[in-house]
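Have a look at the sequence and the model, then read on.

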Amino acid sequence: MKLTSDNKLINHTLARALSVLEVFSENQPVWGVREISRHLKTNPATASRIVSTLQAADYLEQDPQTLRYSLGPKIVKLASIYARQNPIQEVAHKVFVSYSNRFEHNFYLGQIYNFEVVYLTVAEGRGPLRITVPAGGSVPLYGTAIGKVLLAYQDMGYQMEYLDHVKLEPFTGKTIVDPQELLAVLKEIREAGFYINHGEYYEDIGAVGMPVFEKNGSVRMAISLSFPHHRLLENKLNLEEIISLAREISSEITQRVYSLVG
């Protein structure tokens with residue numbers, strides 16, 4: 001969460017409460033108060049008061065045996081409201097399904113948030129690829145095709161801030177971990193309009209990432225089409241066809257959303 005102290009409109013107590021909610025993730029869905037305190041570098045008593053308040057409002061729930069906390073039912077309710085009032089998730093899923101006869105592997109729609117990709121819509125294909133990322137899951141921007149596309153279409157200020165905050169660590173031997181090399185790749189993505197990942201996040205998984213443009217030309221969301229990399233090597237997939245298909249899908253999602261929101 002990017003809330004700066006120079007913004008006079010910020011309620012700092014509320015900001016700390018939101019920071020507590022944001023520590024919960026797919027990788028660590030359960031936390032103790034002292035863990036939250038250490039993670040956020042705040043006083044344990046302050047963390048305890050915030051957690052108790054969030055629990056009382058059903059944003060968190062506590063396991064009576066372990067006394068540790070997880071996200072509560074109010075979060076599910078808000079997520080459901082968001083999904084209903086934001087048409088792009090449903091639109092993207094319908095578009096993905098309509099193209100499944102032309103691409104048998106996985107489709108993803110993701111949004112840039114808090115220096116990560118948050119997946120909004122996921123459609124698994126009929127093929128052997130079984131890398132399951134649920135909607136709501138997140139991955140690093142620099143390691144994936146969809147993430148690099150999203151990062152590439154942000155301004156230089158955001159990119160430099162990203163590099164200041166995120167340590168680039170390898171996921172495979174092909175992951176780009178040199179900041180200058182990454183910046184050069186981001187420039188190439190803007191020029192090409194897409195990105196091809198050859199095993200940078202998962203060794204055997206390739207992907208094509210494509211931006212989803214908003215009316216003003218900005219990019220907050222992108223799609224990716226993922227596939228087993230060995231099928232390229234065996235000439236069972238045509239990379240140019242996948243790029244063309246990704247561009248077609250991105251365009252159709254954009255057109256359908258605009259037709260709904262006017």
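## Loops, helices and cores

Leu 67 sits in the loop between β1 (60-62) and β2 (69-71); helices (H or I, at least four residues) and strands (E, at least two) are DSSP runs, numbered from the N terminus. This is a predicted model, where local features need pLDDT of at least 70 and side-chain atom pairs count only at pLDDT 80 or more, while totals for chains, interfaces and linings use all residues. Residues are numbered from 1 along each chain as its sequence is written, and side-chain values use heavy atoms, with hydrogens and water left out.

Leu 67 is not a glycine, yet its phi is positive, at about 65°. Most residues other than glycine have a negative phi. Phe 115 also has a positive phi, near 65°, and isn't a glycine either. Its place is the loop between β3 and β4. Phe 115 counts as buried, since its relative accessibility is 10%; buried means under 20% relative accessible area, exposed over 50%, and partly exposed in between (1.4 Å probe, protein chains only).

As for the whole chain, there are 10 helices and eight strands. Of its 262 residues, 44% are buried. Contact means heavy atoms within 4.5 Å, and among the contacts with a separation of 6 or more, 55% are between residues 24 or more positions apart.

Now for the loop between α1 and α2, which holds Phe 24 and also Asn 27. Which of these is buried and which is exposed? Phe 24 is buried, with a relative accessible area of 9%, whereas Asn 27 is exposed at 75%. Beyond its neighbours within four places in sequence, Phe 24 is in contact with residues including Trp 31, Ile 36, Leu 60 and Tyr 69. Leu 71 is another of its contacts.

| C-alpha pair | Apart along the chain | C-alpha separation |
|---|---|---|
| Phe 24 and Leu 71 | 47 residues | 7.2 Å |
| Asn 27 and Ser 138 | 111 residues | 9.4 Å |

On to the middle. A nonpolar core here is a set of buried Ala, Val, Leu, Ile, Met, Phe, Trp, Tyr and Cys residues joined through side-chain atoms within 4.5 Å. The largest one has 30 residues, and Leu 141, Tyr 162, Leu 182 and Ile 189 touch the most other members. Elements that each supply at least two of its residues include β3 (106-113), β4 (116-123), α6 (145-152) and α8 (179-192). The largest share, six residues, comes from α6. Another core lies apart from it, with 29 residues, among them Phe 96, Phe 103, Phe 194 and Ile 223.

How do α6 and α8 pack? Their axes are 9 Å apart at an angle of about 80°, with axes being lines fitted to C-alpha atoms, for helices over the stretch in contact, and angles running from 0 to 180 degrees between N-to-C directions. The two helices are therefore roughly perpendicular, a label for 65 to 115 degrees (under 35 is roughly parallel, over 145 roughly antiparallel, the rest oblique).
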